[in-house]
Amino acid sequence: MRLFIDTNVIISAILFPNSSVAEFMRYAIAWHTLVISQYVVDELYAVFERKFPNQIETLETFLIELSYELVDIDNIEPASRDDLTFLRDQADLPIVIAAIYSQCDYLITGDKDILTLELNSPKVMSPAAFYAFDTDEN
């Protein structure tokens, strides 16, 4: 399956390598195709530079070693974004658009606003919910 990974999931996995989110990431890397957008990469660097400047090297190593597909939504027509005006936090728009545009099966996030979305495709789940669901299936 194709999993779009939100910024907050990657941050948690990097900063807390023994957490359930990190366990999810290890599982997802082994069994699924991970997808992130250039927006997520830029957001990761911005957050780490602002909040965790001593961890920039860890972030860079993580991104170099992570196997993922990178999507860029800069060239998507603005009209295709109009369907998502219902988002409470418009800062989430690039994440949701990238997950839809990249035709992912799931959008994995810890963002409470995004988790309330009822999308048909991709389905939205937390790392813990997806891990429990997917390991139950296998």
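I take contact to mean heavy atoms within 4.5 Å. With that cut-off I looked up Leu34, leaving aside its neighbours within four places in sequence. Leu34 is then in contact with Leu3, Ile5, Met25, Ala28, Ile29, Leu66, Ser67, Tyr68 and Glu69. I am working on a predicted model.

**Entry 1: Leu34**

I placed Leu34 in strand 2, residues 33-37. Is Leu34 buried or exposed? Its relative accessibility is 2%, so I count Leu34 as buried; the cut-off for buried is under 20%. Leu34 and Tyr106 are separated by 72 residues along the chain, and their C-alpha atoms lie 10.0 Å apart.

**Entry 2: the chain as a whole**

I counted seven helices and five strands. Reading along the sequence, I get the pattern β-α-α-β-α-α-β-α-β-α-β-α. The chain has 138 residues, and 43% of them are buried. Next I took the contacts between residues at least 6 apart in sequence. Of these, 62% join residues at least 24 apart.

**Entry 3: the nonpolar core**

Which residues touch the most other members of the largest nonpolar core? I found Leu3, Phe4, Ile5, Phe24, Met25 and Ile108. This core holds 45 residues.

**Entry 4: helix packing**

Two packed helices are described by the angle between their axes and the distance between the axes.

*Helix 1 and helix 2.* Helix 2 covers residues 20-31. The axes of helix 1 and helix 2 come within 8 Å and cross at roughly 105°. That angle makes helix 1 roughly perpendicular to helix 2. Helix 1 contributes Val9, Ser12 and Ala13 to the contact, and helix 2 contributes Val21, Ala22, Phe24 and Met25. By class I noted six nonpolar residues, one polar and no charged. Phe24 and Met25 are also on my list for the core.

*Helix 1 and helix 3.* Helix 1 runs over residues 7-15. Its axis and that of helix 3 come within 9 Å, crossing at roughly 50°. Helix 1 and helix 3 are therefore oblique to each other. I recorded the crossing as right-handed. On the helix 1 side the contact uses Thr7, Ile10, Ile11, Ile14 and Leu15. On the helix 3 side it uses Val40, Glu43, Leu44, Val47 and Phe48. The classes are eight nonpolar, one polar and one charged.

*Helix 3 and helix 4.* How do helix 3 and helix 4 lie to each other? Helix 3 is residues 38-51, and helix 4 is residues 56-65. Their axes come within 9 Å and cross at roughly 160°. The two helices are therefore roughly antiparallel. This crossing is right-handed. Val41, Leu44, Tyr45, Phe48 and Glu49 make the contact from helix 3. Ile56, Leu59, Glu60 and Leu63 make it from helix 4. I noted seven nonpolar, no polar and two charged residues. Leu44 and Phe48 of helix 3 face helix 4 here, and they also meet helix 1.

**Entry 5: backbone geometry**

I then went through the loops.

Which peptide bond is cis? I found the one from Ser121 to Pro122, with omega near 0°. Pro122 sits in the loop between helix 6 (112-115) and strand 5 (123-125).

I flagged Gln103 for its positive phi of about 55°, although Gln103 is not a glycine. Gln103 lies in the loop between helix 5 and strand 4 (106-108). Its relative accessible area is 64%, so Gln103 is exposed; exposed starts over 50%.

**Entry 6: Arg88**

Where is Arg88? I placed Arg88 in the loop between strand 3 (69-71) and helix 5 (93-101). With 66% relative accessibility, Arg88 counts as exposed.

Note on methods: Residues numbered from 1 in each chain as written. Predicted model: local features only at pLDDT ≥ 70, side-chain atom pairs only at ≥ 80, totals over all residues. Heavy atoms only, no water. Core = buried A, V, L, I, M, F, W, Y, C linked by side-chain atoms within 4.5 Å. Buried < 20%, exposed > 50% of the residue type's maximum accessible area, 1.4 Å probe, protein only. Axes fitted to C-alpha atoms, helices over the stretch in contact; angles between N-to-C directions. Helix = DSSP H or I, 4+ residues; strand = E, 2+ residues; numbered from the N terminus. Parallel < 35°, antiparallel > 145°, perpendicular 65-115°, else oblique. Left-handed = near helix turned anticlockwise from the far one by under 90°. Nonpolar A, V, L, I, M, F, W, Y, C, P; charged D, E, K, R; others polar.
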